[in-house]
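Keep the structure open beside you as you read.

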Amino acid sequence: MESARTQTRTRTRALATEAVHAGRDDLAGLGLHVPPIDLSTTYPSADSRAEAARIDAFAATGAEPDGPPVYGRLGNPTVARFETALARLEGTEAAVAFASGMAALSAVLLVRASLGLRHVVAVRPLYGCSDHLLTAGLLGTEVTWTDPAGIAAALRPDTGLVLVESPANPTLAELDLRAVAHACGSVPLLVDNTFATPVLQRPAEHGARLVLHSATKYLGGHGDVLAGVVACDEEFAGRLRQVRFATGGVLHPLAGYLLLRGLATLPVRVRAASQTAAELARRLAADPRVERVHYPRIGGAMIAFETYGDPHAVIGAVRLVTPAVSLGSVDTLIQHPASISHRIVDADDRRGAGVSDRLLRLSVGLEDVDDLWADLDRALG
C-alpha cells in the first residue's frame, strides 16, 4: 500500500472520489474488493537482527517500519488504511489514529511537553473535556486562555501549541483560521475540525500544522465506533506514533475498518445533513419560542439554539430526535451542553464562552426535515 505521503503528493482526484478510494488503491492488485480486517496482535519474523534494526529505526524517527508489521501496538495494516485515507482528505502528509479523540489530543500535548514546551494558548469554547484536560493540567501543561486577537501576545518561549476549534463546540463560533495561523508564528496551530470535517473545511490549507478529529463523530458517522485522529506532516506524525507506542492508546483494527467504511459516505452524509440543518435553523430562527439560533457560515449539520422556555423540558419531550451525547451520527441527537458535554467546565468560564444555561445543541442526521421539525415543534411546547 502506498504511504500517505506518497498519495498526498499525487492527489488529483476530487474529494468525493478520494473518500471512496483512498486507502484502497492496492486492493485490485491483491485480488480484493473490500479492505481486509487484520486482527493480528503480533507477526512472525525469523530474522531477529533485521527486526531489531527496524525497531531501532522506529525509535529514532517514528517512521512506519518498512516491510511486514511487527506488533499491534506499533502499527496495524487496517488502521493504516484509514490513516492514509484521512490524510488524503485533509491534504496532509500523514495521519495518526488513536483510541479516542482525547487520546489523540493527549498525544499531541505529550509530544510538545517532551521538548519542554508545556505552555498552551487556547481559545474558548472548546469541547468540555479538552477544556478540562488543559485547565486541570493533567498532563503537566499550563494554559493561557485568550480571544483570537490575543494569541500573538499570549505566546511565550515555552509555548508548544495553539489550540482552537472552528466551528466551536457547542456555540458554533467560527474563526479566521488563516489569521489565527499567522498570529501563531512558528508555534504549531492545532485546529479541531470535528464539526466541519474535510468536506467543509481543510485547516491545513489555511496554515494549521495539526488537524484533530474525534473520529467517533462524522468520520465514523454511525454511532458505533470510538476513535481519534491527528492529520499532520510526517515529522510530527513520527513523534505521535512514538507516543502512541509508548502509551498504548492504539485504535482497534475493527474500528479502523469501520472508519474507513464511514469515510466512503462522508461527503454524501455531511452535505445531506447540512441541507436539512440549514432549513431547521431557518425555522428555529423564525420561531417565537426560540431566543437565538447559532448556525455556522460554512454550513454543516450542527445547530445550537437558546430557548425562552425550559431547555430540559425540550430534551424530555423529543420522540424522534434522540436525547444523547455525541454527534455526527446518521440519526439526529440533542443535548444540553451545560448539563453534560460542558458540565466539567467551570460555570463562569462556560458562560463567558457563550455556553448559556438555555443553550441546546442539535446534531442533525439524515431523517426527513419535516419529520424532524414536527418533533422539535412539539417538544418546544
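## Salt bridges across the chain

A salt bridge here is a side-chain nitrogen of Lys or Arg within 4 Å of a carboxyl oxygen of Asp or Glu. The model is a predicted one, and searching the whole structure turns up 24 salt bridges.

Take R124 and D349, whose side chains meet in one of these, at 3.5 Å from N to O. The two residues are 225 apart in the chain: R124 sits in the loop between β2 and α6, and D349 belongs to helix α13. D349 counts as partly exposed because its relative accessibility is 29%. E174 and R297 also meet through their side chains, at 4.0 Å. Here the loop between β4 and α8 supplies E174, the loop between β8 and β9 supplies R297, and 123 residues separate them. With 72% relative accessibility, R297 counts as exposed.

Helix α14 (residues 369–380) holds both R378 and D375, three residues apart, or about one turn of the helix. Their closest N and O atoms are 2.8 Å apart. D375 has 0% relative accessibility, so it counts as buried.

## The five-stranded sheet

Now look at the open sheet with mixed pairing, whose strand order is β8-β9-β12-β11-β10. β8 and β10 are at the edges with a single partner strand each, so one side of each lacks a neighbour in the sheet. β8 runs antiparallel to β9, and four bridges join them; V290 stands opposite T307 in β9. Helix α11 (residues 253–285) packs on this sheet, touching β8, β9 and β12, and its direction makes about 15° with that of β9.

Notes. Residues numbered from 1 in each chain as written. Predicted model: local features only at pLDDT ≥ 70, side-chain atom pairs only at ≥ 80, totals over all residues. Heavy atoms only, no water. Pairing = 2+ DSSP bridges. Contact = heavy atoms within 4.5 Å. Axes fitted to C-alpha atoms, helices over the stretch in contact; angles between N-to-C directions. Buried < 20%, exposed > 50% of the residue type's maximum accessible area, 1.4 Å probe, protein only.
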